[in-house]
Amino acid sequence: MRFLTAATLTLLLSLQGAGAALSADEPDLIFKKSTVWKFLTPDHKLATYAIDDPLVEGVSCHFTVPEKGGVSGWLGVAEEVSDVSLACRQVGPVIIKEKFEQGEEMFRQRRSFMFKKMQIVRGCDAKRNVLVYLVYSDKLIEGSPKNSTSTVPLMPWGDQLPPRCGDFVEE
């Protein structure tokens, strides 16, 4: 009976991971670096990812998150810590595809089996023509104060003038 329960849990977790991997807006893994060695199970790691802003062409963000190893990390049931770092940059001519709200979600990733998620949200500092990105983790019950902010001043690219981000903020 234990074997059947363990096999069922493993299958469900595999299917859940496969669904996430097929999502179109998954970030690109750049590299992982081990931080704590584990004998028979995966190590604890820091993983660095890249993601393009789906609404703002020409802006990409890189973020680094801790990934737990051990048995719980291997089974996909570990609750990840809330530490995340973020850096966003202009990587080409900026084209804002449509209007957006201040603090609108740009990306979300599950960080525990059920209760915690990491979010990257976008805003605009219209006075300075700067896009502002905030990453934070939240937990269903208690939330998290850990966060990181990155800014992207909109600059000319070649002979193309940048858009004014304030023109795209919904009032």
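Predicted model: local features only at pLDDT ≥ 70, side-chain atom pairs only at ≥ 80, totals over all residues.

Which residues form one aromatic cluster? I get Tyr49, Phe63 and Phe107.

Entry, pair count. I went through the rings and came away with 2 aromatic pairs. Tyr49 and Phe63 are stacked, with 5.6 Å from centre to centre and 25 degrees between the planes. I checked where they sit: Tyr49 is in strand S2 (residues 44-52) and Phe63 is in strand S3, so this pair ties together parts 14 residues apart in sequence.

Entry, burial. I looked up Phe63 and found 0% relative accessibility, so I log Phe63 as buried. Tyr49 comes out at 11%, so Tyr49 is buried as well.

Entry, the other partner of Phe63. I find Phe63 paired with Phe107, and this pair is tilted: the centres are 5.7 Å apart and the planes make 35 degrees. Phe107 belongs to strand S5 (residues 104-110) and Phe63 to strand S3, so the pair links parts 44 residues apart in sequence. I have both Phe63 and Phe107 down as buried.

Entry, back to Tyr49. I wanted its polar side too, and the side chain of Tyr49 makes a polar contact of 2.6 Å with the side chain of Glu67. I place Glu67 in strand S3 (residues 56-67). How accessible is Glu67, buried or exposed? I read 17% relative accessibility, and the cut-off for buried is under 20%, so Glu67 counts as buried.

Last entry, charge over a ring. I found the charged end of Arg122 over the ring of Phe100, at 5.2 Å from the ring centre.

Definitions and conventions. Residues numbered from 1 in each chain as written. Heavy atoms only, no water. Helix = DSSP H or I, 4+ residues; strand = E, 2+ residues; numbered from the N terminus. Buried < 20%, exposed > 50% of the residue type's maximum accessible area, 1.4 Å probe, protein only. Polar contact = N/O pair within 3.5 Å; in protein donor to acceptor, adjacent residues only side chain to side chain. Phe/Tyr/Trp six-rings, centres within 6.5 Å; stacked < 30°, edge-to-face > 60°. Lys NZ or Arg CZ within 6 Å of the ring centre and 35° of its normal.
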